[in-house]
Amino acid sequence: MAADCDGNFVASLRPQFLSSPGHPTFYGEDLHCTTHLTSSDTSKVIEFTFIDFDLEDSQNCQKDALVVYDGVDGGQRLMQHACGGNWAWPHFPEKVRSTGHVITVVFITDSELGDGFRGYNLSYKIVDPEPHLIFIAAPDEGEIHTIHRTNAVNFGIFPEGIRYPKAVDYDPLEGYLYYTDTGARNVGRYNIEETTTEILHTKQIGDPFGLRVDVVNRLLYWTDSLLRTVSVSNLEGTKRATIVDRRSGLGFLGAIVVEPDRGYIYFTDWGDSAKILQASGDGSSLTTLVDERISSPQGLAIDLDTRRLYWTDAFLDTLNAYNIELGLRADILELREKDPSAITLDSGAFFITDDEFGAIELISRVPGGGQLRVFIGSIREPRGISLRPMKIDNIDPYQCPQEYCTGQDGLCLPKPNNAHTCKQVLPIIGSPGCPSDIHVILPATTATWREPSVTSPERYTVTSTRTHSPGQSFPTEITSVSYIYEDILGNKAFCNFTVTVSDGDSLLNNTRQVDPNEPDEYLFIYLAPFALFPLFILILLIIKRRKTPRGDPSIHGAVNTYSSPPDYQYAVFSNQSDATLAISGSNVRYQAETNPVANTVDENAPGYDDDPKKVPLDEKDDVEMSLPPGFNSWDGQ
């Protein structure tokens with residue numbers, strides 16, 4: 001609809017249009033049009049997007065101008081104030097979203113018609129509000145500030161053990177706040193709801209400068225200005241890779257942002273040859289985007305709707321932009337008497353940290369639409385800053401869900417053109433591999449095995465720790481044996497098996513269950529010993545029957561102790577029965593007797609052994625002994 005100047009319109013879920021009088025032809029002079037857009041649902045807010053914008057240019061928009069307020073009248077927050085070339089690249093088109101259910105649009109022209117300008121055309125609709133939080137790392141305070149975007153309410157967060165936080169970002173999907181700590185030299189995360197801290201990375205950490213969560217692909221990227229590296233890990237911190245290192249010839253690496261749907265990352269180099277760089281999500285295809293009129297690019301932000309990068313230059317004190325699709329650069333604003341560091345943005349404003357004044361400065365995303373003003377102050381040396389919605393219910397992954405690398409122990413890293421890389425990061429257990437479970441049958445208690453061979457896919461040094469060593473003795477029970485292999489980045493591989501020491505019967509109870517899907521020949525191998533066992537018992541009975549004579553197998557003789565030698569004991573045998581008896585004492589002497597006399601030994605009896613065999617025994621041992629030649633049984637006590 002064309003504005004006849006003033007108007008009140010109701011916004012709905014269906015997009016509607018608002019334009020200047022006469023659009024797309026020229027607008028007139030001496031206009032002062034005030035239009036109120038009100039949401040049909042007070043629980044929703046209004047969002048509009050400029051389709052066309054062409055106004056006369058003038059200093060500070062003194063001639064023709066479009067002014068947008070967040071609320072009913074001009075006393076509410078100024079959201080946009082634009083004219084002429086101010087809405088040319090890099091500021092057009094922009095999305096504007098209210099914080100309440102009313103937006104006021106004011107269109108003003110002067111008495112000079114000029115050369116003729118089309119005016120503006122925009123679409124508007126209602127959307128769900130997005131409560132946003134701004135997170136600010138304050139190194140000098142050892143604190144992370146959390147600020148509500150709409151009302152600037154500030155409350156502190158103190159992750160356990162944090163010393164000097166420099167970068168911060170929030171994952172609205174799981175509610176974790178990620179941060180770098182240059183004092184403790186680690187990368188960690190903090191669960192805001194549960195108020196718990198988890199340290200993710202401690203190895204190969206020098207001066208972690210920038211950090212960004214890839215909310216879509218569930219990855220964490222960070223830079224290290226001391227080691228001159230870009231690293232990436234999964235959000236749990238169990239898999240990590242260095243994707244850009246000092247071999248790239250870069251200087252001090254700073255802020256980093258991600259473009260997850262297109263598979264790119266962007267980061268700054270504030271070394272001697274300062275630049276803005278682009279790389280694929282796996283670190284490949286490293287490209288310099290900006291390397292002129294740039295000195296110390298500390299802060300970096302990205303607008304995924306307009307595909308534009310914004311950065312702050314701490315030496316030149318400027319705010320700059322780069323159109324990714326067009327490859328064009330624009331200098332937006334001079335930040336005089338400021339010390340800009342980090343930057344973040346939403347649809348309506350930039351938020352810039354000011355180290356010198358200890359404040360967060362806010363400015364409309366349309367130059368000339370308002371002065372840089374303090375959003376919140378009294379923060380000593382604010383550095384890292386991130387603006388995120390408080391909660392996201394679900395996210396549709398783009399081209400690189402981690403399921404692509406399931407079973408490969410790798411990180412799924414996005415690349416352009418819907419491609420991805422499964423980067424192997426964990427140490428690889430080669431040949432010999434991890435041992436199978438080991439069974440030891442008593443009386444043996446020692447277990448031995450070949451230790452696994454391990455290599456690193458990145459040729460890093462791998463160290464190992466183990467709970468037990470091959471060749472050692474194990475208790476009569478089931479013992480878990482573990483090997484842990486770790487490279488210099490903290491990537492770990494594990495080898496686990498058990499050693500069971502028991503008798504044979506116990507092992508039978510632990511025989512593995514047969515898989516019904518296994519081939520029949522394997523089933524036969526497992527069941528054959530049980531099927532042959534009755535046949536084995538039958539054979540033993542037949543052999544015993546043949547060896548054992550008929551008659552009473554009991555012992556009719558007695559054991560007599562003689563004085564010479566006093567440490568010998570003599571056994572008297574009355575028949576040819578087999579026996580295995582408990583033996584005790586230091587020596588045992590055997591003697592044959594075919595015509596026994598109770599409690600006596602007949603030395604004249606046939607078969608008397610003048611040189612009985614002497615068998616030394618350990619006291620209280622139970623043993624089985626073979627019989628001397630000519631004897632079928634023996635007895636001793």
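This is a short tour of one predicted model, stop by stop, with something to select at each.

Before you click: residues are numbered from 1 along each chain as its sequence is written, and side-chain values use heavy atoms, with hydrogens and water left out. Because the model is predicted, local features need pLDDT of at least 70 and side-chain atom pairs count only at pLDDT 80 or more, while totals for chains, interfaces and linings use all residues.

**Stop 1: Asp269.** Select Asp269, which lies in strand β22 (residues 264-269); strands here are DSSP runs of E, at least two residues, numbered from the N terminus. Asp269 is buried, at a relative accessible area of 2%. (Buried means under 20% relative accessible area, exposed over 50%, partly exposed in between, with a 1.4 Å probe and protein chains only.) Now show Gly271: the Asp269 side chain reaches the Gly271 backbone nitrogen at 2.9 Å. For the surroundings, display the residues Asp269 touches, among them Leu250, Phe252, Lys275 and Pro297; residues up to four places away in sequence are not counted. Touching means contact, that is, heavy atoms within 4.5 Å.

**Stop 2: salt bridges.** Side chains of opposite charge can pair when their charged atoms come close. The criterion is a side-chain nitrogen of Lys or Arg within 4 Å of a carboxyl oxygen of Asp or Glu, and the structure holds 25 such salt bridges.

Pick Arg118 and Asp54 to start; their closest N and O atoms are 3.4 Å apart. This pair links distant parts of the chain, with Arg118 in the loop between β8 and β9 and Asp54 in strand β4, 64 residues apart. Arg118 is partly exposed, at 32% relative accessible area.

Next, hop to Glu174 and Arg218, whose side chains meet in a salt bridge at 3.7 Å, N to O. Glu174 is in the loop between β13 and β14 and Arg218 in the loop between β17 and β18, so the pair ties together parts 44 residues apart in sequence. Glu174 is partly exposed at 39%, whereas Arg218 counts as buried at 18%.

Then select Arg383 and Glu381: this salt bridge comes in at 2.6 Å, N to O, and both residues are buried.

**Stop 3: Leu219.** Finish in strand β18 with Leu219, buried at 0% relative accessibility.

Conventions. Helices (H or I, at least four residues) and strands (E, at least two) are DSSP runs, numbered from the N terminus. A polar contact is a pair of N or O atoms within 3.5 Å; within protein, one must be able to donate a hydrogen and the other to accept it, and residues adjacent in sequence count only if both atoms are side-chain atoms.
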